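Keep the viewer open while you read.

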Amino acid sequence: MHMKPLVETNQKAIDIAILLLRIMAGLILFVAGAGKVLGWFGGFGMTTTTELFKSNMHLSAFWAYVSSYAEFVGGFLIIIGFLTRFAAITLVINMVVATLLVGFKNFFLGGAAYPCLLFVVFMVIVLTGPMLYSVDGWLYNKKSTGTINLKLSTAL
């Protein structure tokens, strides 16, 4: 029996896997952030979000804005793969705080399992980077081939 396909690393498959992970995790936080910031997708908007942060978590409006915009902007950046590691680190911090605030009581049933899973997903993205199918990957490949530098020098 030939086992190579079951155990070898396939770089193309990893590139696609990270793309799918980025799109889904980024979309989850983009939608959550858009709801908090703009009231999109059935969200409350910033005024109610700020009030909920104050009353439920005892956090100031400043932290409500930081968290909500981290999800909104960071989620979008993760989806397209631009400034990916920066966005992922921001979301790692956001999800660690969310995990701690939700707490570990009933971890798997209504507890911190959801933000903790997102923490792990964004850590994977920090560790792997955006991979090939991303704006960062496209810019890196353009820079490596000199195409971007040539165009910029011609424009100047």
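Contact here means heavy atoms within 4.5 Å. Bear in mind that this is a predicted model. With that cut-off, Ser-67, Ala-70, Glu-71, Gly-74, Gly-75, Leu-77 and Ile-78 in α4 meet a set in α5 made up of Thr-84, Ala-87, Ala-88, Thr-90, Leu-91, Asn-94 and Met-95.

**α4 against α5**
- By class, this contact splits into 7 nonpolar, 6 polar and 1 charged residues.
- The axes of α4 (residues 61-80) and α5 (residues 84-102) come within 9 Å and cross at roughly 140 degrees.
- The crossing of α4 past α5 is left-handed.

**α5 against α6**
- Here the axes come within 8 Å, with a crossing angle of roughly 160 degrees.
- The two helices, α5 and α6, are therefore roughly antiparallel to each other.
- α5 also passes α6 in a left-handed crossing.
- Residues making the contact include Ala-88, Val-92, Met-95 and Val-102 of α5, along with Leu-118, Phe-119, Phe-122 and Val-126 of α6.
- That contact counts 17 nonpolar, 3 polar and 1 charged residues.

**The largest pocket**
- The largest pocket holds about 650 Å³ of space.
- It has 29 lining residues, and Lys-36, Phe-53, Ser-67, Glu-71 and Ala-98 are the closest to its centre.
- At least two lining residues come from each of α2 (11-38), α3 (46-57), α4, α5 and α6 (113-128).
- The biggest contributor to the lining is α5, with 8 residues.
- Sorted by class, the lining has 20 nonpolar, 7 polar and 2 charged residues.

Note on methods: Residues are numbered from 1 along each chain as its sequence is written. This is a predicted model: local features need pLDDT of at least 70, side-chain atom pairs count only at pLDDT 80 or more; totals for chains, interfaces and linings use all residues. Side-chain values use heavy atoms; hydrogens and water are left out. Axes are lines fitted to C-alpha atoms, for helices over the stretch in contact, and angles run from 0 to 180 degrees between N-to-C directions. Helices (H or I, at least four residues) and strands (E, at least two) are DSSP runs, numbered from the N terminus. A crossing is left-handed if the near helix is turned anticlockwise from the far one by less than a right angle, and right-handed if clockwise. Ala, Val, Leu, Ile, Met, Phe, Trp, Tyr, Cys and Pro count as nonpolar, Asp, Glu, Lys and Arg as charged, and the others, Gly among them, as polar. On a 1 Å grid over the protein atoms alone, a cavity is a set of points where a 1.4 Å probe fits but cannot get out, and a pocket is an open set with protein on both sides within 12 Å along at least five of seven lines; lining residues have an atom within 4 Å of a point. Grid points are joined across faces, edges and corners, and a volume is the space filled by probe spheres set on the points. Angles under 35 degrees count as roughly parallel, over 145 as roughly antiparallel, 65 to 115 as roughly perpendicular and the rest as oblique.
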